[in-house]
Amino acid sequence: MRYLEDVVLKKWSAAVLAGALAVGALAGCGGGDDAGSSGGGGDDKITMGFSQVGAESGWRTANTKSIQESAAAAGIDLKFSDAQGKQENQIKAIRSFIAQRVDVIAFSPVVESGWDTVLKEAKDANIPVILTDRSVDSQDKTLYKTFIGSDFVLEGKKAGEWLVKEYEGKSDPVNIVELQGTPGAAPANDRKAGFAEVIKADPKFKIVASQTGQFTRTDGKEVMEAFLKSQPKIDVLYAHNDDMGLGAIEAIEAAGKKPGTDIKIITVDAVKDGMTALAAGKINYIVECSPLLGPQLMDLAKKVKAGETVEQRVLTQETTFTQEQAKTALPDRKY
Ligand code: GYE
């Protein structure tokens, strides 16, 4: 870091340095050494600008840690910027990374739409972009090098398949309430679509209420409270992530009902708190979504920087957990 300051002062124009400071100011939670790190072009060390969604969930916290730790381990200079859930902050951060001429830009788009202009700016500046965790809906696939992350539609399908099996041979109506992720976010859109596709095969499954809980515990709790008041009979809760499910559990218990028994609960992520609730019988099934994308992201960054071709799509390996499987997996769960 220290020797880099020398390089920086020689190499950077005042304008570029101002850009770096802007990102430093934007960064809500500090990750890499923002201002004063090396810019791209020249030395061997790769500089990566990373714009994170925010800190809305246990998943996100684990994802941030994975990215920061693997950047350090790979010797990559990380400029980390927290967008605090706002697309406009991500666009500002990306523009600032372009101004600093980082080697690679990586980001996890808060929503799917509205990225074409800024991605074109990165492309025109010859800075490769790697989409991490969430994708964009841009038609022009040349605007980014690769997308590493989960198949969220498949996750939704896995949740639906468990439900279909659970109620196999029964004909009574099954009333489902759904807590959706952030509106417009790929995991919210896709987890909803995948689940709906599987359960529509049997008309006994009815989604009686579906609303966003913003991927947070607080909103999950609040919205579940409202569902409990407005819905006379709830059999199942499908929450697009563990945190919303955990918030909802509080609401269910406060209403004098037993989560996991009176209301069956399916969530996505499998972070430690979710797995603890699953092992304790308060959640019935969790579809895993791995946040540990850091090591693969750093490998991809090195390849992209070296001019090697990379796959357009890199899929994350994931599983599912029943209550019994959670008990076995819990002691080794790191996040
Ligand atoms: O499931 C949720 C987080 O984009 C896969 O975002 C990620 C999702 C994750 O807030 O907990």
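Predicted model: local features only at pLDDT ≥ 70, side-chain atom pairs only at ≥ 80, totals over all residues.
Residues are numbered from 1 along each chain as its sequence is written, and side-chain values rest on heavy atoms, with hydrogens and water left out.

The ligand is surrounded by 13 residues, a residue being counted if one of its heavy atoms lies within 4 Å of the molecule; the closest are E56, R134, R191, N241 and D269. By class, this shell holds five nonpolar, two polar and six charged residues, where Asp, Glu, Lys and Arg count as charged. At least two shell residues come from each of α3 (58–74) and α7 (186–199), helices being DSSP runs (H or I) of at least four residues and strands runs (E) of at least two.

Among the polar contacts (N or O atoms paired within 3.5 Å), a polar side-chain atom of D269 lies 2.6 Å from an oxygen atom of the ligand, and a side-chain N or O atom of D133 lies 2.8 Å from a ligand oxygen. For S57, the corresponding separation is 3.0 Å. Of the 300 Å² that the ligand exposes when taken alone, the protein buries 100%, as computed by the Shrake-Rupley method with a 1.4 Å probe.

Five aromatic pairs were counted, with ring centres required to lie within 6.5 Å and planes under 30 degrees apart taken as stacked. The rings of F50 and F80 are stacked, because their centres are 6.0 Å apart and their planes stand at 10 degrees. Since F50 belongs to strand β1 (residues 47–52) and F80 to strand β2 (residues 77–82), this pair ties together parts that are 30 residues apart in sequence.

Terms used. Polar contact = N/O pair within 3.5 Å; in protein donor to acceptor, adjacent residues only side chain to side chain. Phe/Tyr/Trp six-rings, centres within 6.5 Å; stacked < 30°, edge-to-face > 60°.
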